[in-house]
Amino acid sequence: MFILVVILHVVVCVVIVGLVLLQAGKGADIGSAFGGSGSQAVFGSMGTPTILGKATSVVAILFMATSFALSMMAHRRAVSIMPASGPAATAPATPAAPPAPTPSTPQK
């Protein structure tokens with residue numbers, strides 16, 4: 001089930017990107033966003049909704065639904081990478097023994 005929702009989510013992501021890129025921009029220049037040339041709203045005037053606009057709304061709702069479903073499923077199957085208890089107690093490290101004396105060259 002989880003894999004199916006992930007695949008659906010990826011498909012919805014690709015579709016929503018395509019739909020947004022296919023739509024024409026509302027404001028032709030930056031001035032229309034800030035009240036220039038008779039703009040009626042901050043993000044441009046709302047015209048009649050197009051089929052692309054309606055499809056984007058539907059796909060956006062699907063995206064939110066799959067995102068919510070994935071977060072709920074991931075929460076149920078979460079496995080922590082942190083151990084439940086602290087690290088195992090280990091014996092204290094003993095100091096290394098001093099190196100054995102090396103035989104020196106014999107003196108004559």
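Patches are made of residues with over 30% relative accessible area and no salt bridge, like charges being joined within 9 Å and nonpolar side chains (Val, Leu, Ile, Met, Phe, Trp, Tyr) within 5 Å; a salt bridge is a side-chain nitrogen of Lys or Arg within 4 Å of a carboxyl oxygen of Asp or Glu. This is a predicted model, in which local features need pLDDT of at least 70 and side-chain atom pairs count only at pLDDT 80 or more, while totals for chains, interfaces and linings use all residues. Residues are numbered from 1 along each chain as its sequence is written, and side-chain values use heavy atoms, with hydrogens and water left out.

The chain has two helices and zero strands (DSSP runs numbered from the N terminus, H or I of at least four residues for helices, E of at least two for strands). Its accessible surface (Shrake-Rupley method, 1.4 Å probe, with only the protein chains shown counting as cover for residues) comes to about 9400 Å², of which 72% belongs to carbon and sulfur atoms.

On that surface, Ile3, Ile7, Val11 and Val15 form a nonpolar patch with about 350 Å² of accessible area together. Ile3 lies in helix α1, residues 2-22, and counts as exposed because its relative accessibility is 58%, where exposed means over 50%, buried under 20% and partly exposed in between (1.4 Å probe, protein chains only).

Thr66, in helix α2 (residues 51-76), counts as buried because its relative accessibility is 5%. Leaving aside residues up to four places away in sequence, Thr66 touches Val5, Leu8 and His9, contact meaning heavy atoms within 4.5 Å.
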